[in-house]
Amino acid sequence: MFTAHGEVKSIELPWDQASGRPRGFCFIDMPNAEEAAAAVNAVNGHSLGGRTLVVNEARPMAPRSGPPRDSMGG
């Protein structure tokens with residue numbers, strides 16, 4: 001779907017460690033900003049496998065609240 005609008009450099013599909021299933025989203029890296037914007041506009045809202053796609057530019061992850069974790073995982 002995205003290659004119809006430009007070069008796709010990479011795709012990252014995060015998996016849930018507990019269930020072993022995809023988390024329901026992915027990251028698609030397109031090196032050309034104009035092509036990426038065209039892909040977002042073209043693919044957002046379309047249906048794939050019975051689900052409506054929500055496509056937008058990735059945003060930095062918000063800081064998590066709670067106490068910091070030490071190097072021992074605690």
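Q: Which accessibility class does Phe25 fall into: buried, partly exposed or exposed?
A: Buried means under 20% relative accessible area, exposed means over 50%, and partly exposed lies in between (1.4 Å probe, protein chains only). This is a predicted model, in which local features need pLDDT of at least 70, side-chain atom pairs count only at pLDDT 80 or more, and totals for chains, interfaces and linings use all residues. Residues are numbered from 1 along each chain as its sequence is written, and side-chain values use heavy atoms, with hydrogens and water left out. Phe25 has 35% relative accessibility, so this residue is partly exposed.

Q: What kind of aromatic pair do Phe25 and Phe27 form?
A: Rings of Phe, Tyr and Trp (its six-membered ring) pair if their centres lie within 6.5 Å; planes under 30 degrees apart are stacked, over 60 edge-to-face, and the rest tilted. The structure has one such pair. The ring centres of Phe25 and Phe27 are 5.6 Å apart and the planes meet at 85°, so the pair is edge-to-face.

Q: Where does Glu12 lie, and which residues is Glu12 in contact with beyond its neighbours within four places in sequence?
A: Helices (H or I, at least four residues) and strands (E, at least two) are DSSP runs numbered from the N terminus, and Glu12 lies in strand S1, residues 10–12. With a relative accessible area of 47%, Glu12 is partly exposed. Contact means heavy atoms within 4.5 Å. Leaving aside neighbours within four places in sequence, the partners of Glu12 are Cys26 and Phe27.

Q: Which five residues make up the largest nonpolar core?
A: A nonpolar core is a set of buried Ala, Val, Leu, Ile, Met, Phe, Trp, Tyr and Cys residues joined through side-chain atoms within 4.5 Å. In soluble globular proteins, nonpolar side chains tend to be buried together. Here the largest such core consists of Phe2, Met30, Ala39, Val43 and Val55.

Q: Which residues does Val43 contact, apart from its neighbours within four places in sequence?
A: Val43 belongs to the largest nonpolar core. Setting those sequence neighbours aside, the contacts of Val43 are Met1, Phe2, His5, Leu53 and Val55.

Q: Where is Leu53, and is Leu53 buried or partly exposed?
A: Leu53 sits in the segment after S4. Among its contacts, leaving aside neighbours within four places in sequence, are Met1, Val43 and Leu48. The relative accessible area of Leu53 is 21%, so this residue is partly exposed.

Q: Which element gives the largest share of the lining of the largest pocket?
A: On a 1 Å grid over the protein atoms alone, a pocket is an open set of points where a 1.4 Å probe fits, with protein on both sides within 12 Å along at least five of seven lines; lining residues have an atom within 4 Å of a point. The largest pocket has 25 lining residues, with Cys26, Phe27, Ile28, Val54 and Val55 nearest its centre. The elements giving two or more residues are strand S2 (27–29), helix H1 (33–43) and strand S4 (51–52). The largest share, four residues, comes from H1.

Q: How many of the residues lining the largest pocket are nonpolar?
A: Ala, Val, Leu, Ile, Met, Phe, Trp, Tyr, Cys and Pro count as nonpolar, Asp, Glu, Lys and Arg as charged, and the others, Gly among them, as polar. The lining has three polar and four charged residues, and the nonpolar ones number 18.
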